[in-house]
Amino acid sequence: MSASAIFVLDLKGKVLICRNYKGDVDMAEIDHFVPLLMQHEEEGLICPVLSHGNIHFMWIKHTNLYLVATTNKNSNAALVYSFLYKMVEVFTDYFKELEEESIQDNFVVVYELLDELMDFGFPQTTDGKILQE
């Protein structure tokens with residue numbers, strides 16, 4: 001299993017863009033991510049995987065963004081993290097810098113890339129050069 005949904009958030013937790021691949025995780029669950037992250041940060045227990053109920057958040061921070069994958073299954077974490085880092089690489093190839101403004105200014109291209117990069121929660125074509133063709 002892989003990701004149910006992918007979110008790109010600003011540092012305050014506002015969703016800039018999201019894509020639900022499976023429909024098995026409520027999209028409102030992302031509202032629990034930043035408070036959960038802040039709680040763990042205050043306790044000095046930051047983890048790469050956070051859980052709220054049966055929902056798991058796998059996340060990375062890139063410049064001023066959080067890239068978050070959600071799942072409610074026993075997903076392959078290495079696959080999900082590899083995908084998140086590859087997503088950063090592809091977006092950087094397209095927009096030169098991956099930041100809040102580049103997501104907002106190119107949201108149509110971002111949605112198209114999210115559709116090409118992943119299908120039903122499984123990574124597909126992740127090579128930036130092939131995607132640019």
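Q: What am I looking at, and how are the residues numbered?
A: This is a predicted model, where local features need pLDDT of at least 70, side-chain atom pairs count only at pLDDT 80 or more, and totals for chains, interfaces and linings use all residues. Residues are numbered from 1 along each chain as its sequence is written, and side-chain values use heavy atoms, with hydrogens and water left out.

Q: Great. How many helices and strands does the protein have?
A: There are five helices and seven strands. Helices (H or I, at least four residues) and strands (E, at least two) are DSSP runs, numbered from the N terminus. Along the sequence the pattern reads β-β-α-β-β-β-α-α-α-β-β-α.

Q: And what share of the residues is buried?
A: Buried residues account for 42% of the 133 residues. Buried means under 20% relative accessible area, exposed means over 50%, and partly exposed lies in between (1.4 Å probe, protein chains only).

Q: On to the sheet. What order do the strands come in?
A: The order is β2-β1-β5-β4-β3, in an open sheet of five strands with antiparallel pairing. The edge strands are β2 (15-20) and β3 (49-52), each of which pairs on one side only. From one strand to the next, the twist averages 20°. The angle is taken between axes, which are lines fitted to C-alpha atoms (for helices, over the stretch in contact), and it runs from 0 to 180 degrees between N-to-C directions.

Q: What does it take for two strands to pair?
A: DSSP has to find at least two bridges between them. Strand β1 (residues 5-10) and β2, for instance, are antiparallel and share five bridges. Alanine 5 sits opposite asparagine 20 of β2 there.

Q: How many bridges join β3 and β4?
A: Four bridges, with β3 and strand β4 (residues 55-62) in the antiparallel sense. Serine 51 faces histidine 56 in β4, and leucine 50 has phenylalanine 57 of β4 as its bridge partner.

Q: What about the turn between β3 and β4?
A: Those strands form a hairpin with two residues between them, and glycine 53 in the turn has a positive phi of about 65°.

Q: How many bridges join β4 to β5?
A: Seven bridges join β4 to strand β5 (residues 65-71), and the two run antiparallel. Methionine 58 has alanine 69 in β5 as its bridge partner. β4 and β5 also make a hairpin with two residues between the strands, where threonine 63 has a positive phi near 45°.

Q: Switching topic: how many salt bridges are there?
A: The count is two. A salt bridge here is a side-chain nitrogen of Lys or Arg within 4 Å of a carboxyl oxygen of Asp or Glu.

Q: Which residues does the one with arginine 19 join?
A: Aspartate 115 and arginine 19 meet through their side chains, at 2.5 Å from N to O. This pair links distant parts of the chain, with aspartate 115 in helix α4 and arginine 19 in strand β2, 96 residues apart. Aspartate 115 is partly exposed at 39% relative accessible area, and arginine 19 is partly exposed at 26%.

Q: And which residue does lysine 86 pair with?
A: With glutamate 89, the closest N and O atoms being 3.0 Å apart. Lysine 86 and glutamate 89 are three residues apart in helix α2 (residues 77-95), so about one helical turn separates them. Lysine 86 is partly exposed at 24%, as is glutamate 89 at 40%.

Q: Back to α4. Which of its residues are buried?
A: In helix α4 (residues 107-117), the buried ones are Val110, Leu113, Leu114 and Leu117. Seen down the axis, they fall within an arc of 100°, so they line one face of the helix. That arc is of the directions from the helix axis to the C-beta atoms.

Q: Where is phenylalanine 107, and how accessible is the residue?
A: Phenylalanine 107 is in helix α4 and is partly exposed, with a relative accessible area of 46%.
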